[in-house]
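Here is a short briefing for a first look at this structure. Start with the display, then read the points by topic.

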Amino acid sequence: MAAMSTTPPCDPAAPMREALRLAAVAATYGEVPVGAVVVLDEVIVGRGYNRPITGIDPTAHAEVVALRQAAAYTGNYRLTGASLYVTIEPCTMCAGALVHARIARLVFGAREPRAGAVISTAQVLAAPGLNHRVEVVEGVLPEEAQRLMQEFFRRRR
């Protein structure tokens, strides 16, 4: 997929809006509405939305899909200097993937009280033995992210 210019990192709402758009796409496929984008040098180099059900892949979380696309785009699995924007706080698997990809900054919309592994249930990125630190910014367009999740689960019940 071709990269698309975004606004500079000083406006975190622009990449988050794209992540929210992707989350809405996930919901149309019956997937939990989580979307993610990877931004490097002010360009979106990876996009993803949750697709473990449709992809028959338990690792196909929005973050992992976006990281895979970004790595393919850059030709390197190390995404040094990149930021990952995701609508909902990452789980343990996705937090670990951020460390392995050497993501510089994680920006997320809303906390995930049951499975969020950055702040809510665990602080995976703060584990003392890690060889890489990820800056964490939370609360970018949190109401929109929460609304998508609430509407999705309300419809399913």
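C94 is buried, at 1% relative accessible area; buried means under 20%, exposed over 50%, and partly exposed in between, with a 1.4 Å probe on protein chains only. This is a predicted model, where local features need pLDDT of at least 70, side-chain atom pairs count only at pLDDT 80 or more, and totals for chains, interfaces and linings use all residues. Residues are numbered from 1 along each chain as its sequence is written, and side-chain values use heavy atoms, without hydrogens and water.

**Cysteines**
- The whole structure has 0 disulfides (pairs of cysteine sulfur atoms within 2.5 Å).
- The sulfur of C94 has its closest cysteine sulfur in C91, 3.7 Å away, so the two are too far for a bond.
- C91 also counts as buried, at 18% relative accessibility.

**Helix 1**
- Helix 1 covers residues 13-28 and reaches 23 Å from first C-alpha to last, close to the expected 22 Å (1.5 Å times one less than its number of residues).
- Helices are DSSP runs of H or I with at least four residues, strands runs of E with at least two, numbered from the N terminus.
- Its buried residues include M16, L20 and L22.
- Strand 2 (35-40), strand 3 (43-49) and helix 4 (142-156) are among the elements covering them.
- Just after helix 1, G30 takes a positive phi of about 80°.

**G48**
- G48 lies in strand 3 and is buried, at 3% relative accessible area.
- G48 touches residues including L22, V34 and A62, leaving aside those up to four places away in sequence; contact means heavy atoms within 4.5 Å.
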